[in-house]
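Biologist: I would like to learn how to read this structure, feature by feature. Could we take it slowly and start with a helix?

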Amino acid sequence: MPPKPHRVLLERVSVYADEAAAFMRRRRVARRPFARLYYPHGRSADHAQDSRSGAELFVAAGRLIEVSGKKPKG
Amino acid sequence: MTTVTIQEARARVTVGSFSQMPDAAAATTPSGEAAEAALGFLTEMSPDLRGAAILGPDSEVLAGTGEEPERWAEDAAALFEVADGAEEVPVEQIHIATEQGEVFAVRNAGLAAVAVTDRFALASLMLFDMRSTLRQLATPNFGPPEGTKSRKGDG
């Protein structure tokens, strides 16, 4: 007996959701620090941490993180 | 004194950095109350937010979180200065992800917003919220941005 159509749809959605969750987990594990600048008309540029501009961006970002302080618990 | 010289240099850098905003002509400086309301709304919408500030056209802090909100001005100016120096075109948005957290900065309508979040914040949503907050704040009759709702409790 063939499965009901809505079951097929639900299973398909579940599979895609599982794939997306796994992708996000892998991304969190593998993700490295980056600096990305966005310009008018949607253009963006990445700056490696070991480049001069990248290093300066990370220093500036570090100071802002320091200013923001720790997030209060709870 | 050396300290005075550094402060003067920072002031010059700060003004210069924010005058390079892509659409600085649209700026009408909102009141501190409006900026506080906008910042409160941004904070409410963004559960990952640790701290943020909204800066005016002359880099003055219109609203900021933390015990020393004025500190946002010089550090944000330094960030924009470095970012603008990377290429000849002034930047519109900045996203820097570090091990300690993520930094977002947006310039819109002559204003600037800077935010620090926990790691793995949803970058596109964060930037969208910051941009729409600034856009709304620049309008004469400021109100909470339309079509936005709190992401708290989204899991």
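Modeller: Gladly. A helix here is a DSSP run of H or I with at least four residues, a strand is a run of E with at least two, and both are numbered from the N terminus. Two residues are in contact if their C-beta atoms, placed from the backbone, lie within 7 Å. In this case, the buried residues of H4(B) pack against helix H2 (32-45), S1, S3, strand S4 (102-108) and strand S5 (111-117) of chain B. The model is predicted: local features need pLDDT of at least 70, side-chain atom pairs count only at pLDDT 80 or more, and totals for chains, interfaces and linings use all residues. Residues are numbered from 1 along each chain as its sequence is written, while chains are lettered from A and ligands numbered from 1 in the order in which they are written.

Biologist: Which residues of H4(B) are buried?

Modeller: Buried means that 20 or more other C-beta atoms lie within 10 Å of a residue's own, exposed means 12 or fewer, and partly exposed is in between, with C-beta atoms placed from the backbone. In H4(B), the buried set is Met126(B), Leu127(B), Asp129(B), Met130(B), Ser132(B), Thr133(B), Leu134(B), Gln136(B) and Leu137(B). The helix itself covers residues 123-138 and spans 23 Å from first C-alpha to last, close to the 22 Å expected for its 16 residues; the expected span is 1.5 Å times one less than the number of residues.

Biologist: How many helices and strands does chain B have?

Modeller: Chain B holds four helices and five strands, in the order α-α-β-β-α-β-β-β-α along the sequence. Of its 155 residues, 46% are buried. Among contacts with a separation of 6 or more, 61% join residues 24 or more positions apart.

Biologist: Why is Leu55(B) classed as buried?

Modeller: Leu55(B) is buried because 26 other C-beta atoms lie within 10 Å. This residue sits in strand S1 (residues 49-55) of chain B. Leaving out residues up to four places away in sequence, Leu55(B) touches Glu60(B), Val61(B), Leu62(B), Trp72(B), Ala73(B), Ala76(B), Leu111(B) and Ala112(B).

Biologist: Now the chain contact. Which elements of chain A touch chain B?

Modeller: The contact draws 25 residues from chain A and 31 from chain B. On the chain A side, strand S1 (34-38), strand S2 (44-47) and helix H2 (52-68) each give two or more residues, and H2(A) supplies the largest share, 12 residues.

Biologist: And how does S1(A) pair with its neighbours?

Modeller: Two strands pair if DSSP finds at least two bridges between them. S1(A) runs antiparallel to strand S3 (residues 93-97) of chain B, over five bridges. There, Phe34(A) has Ala97(B) as its bridge partner, and Leu37(A) stands opposite Ile94(B). S1(A) is also joined to S2(A) by four bridges, again antiparallel, with Leu37(A) opposite Ala45(A). Five residues lie between the strands of this hairpin, where His41(A) takes a positive phi near 70 degrees.

Biologist: How should I read the two faces of a strand?

Modeller: In a regular strand, side chains alternate between the two faces of the sheet. For S1(A), Ala35(A) and Leu37(A) form the covered face, whereas Phe34(A), Arg36(A) and Tyr38(A) form the uncovered one.
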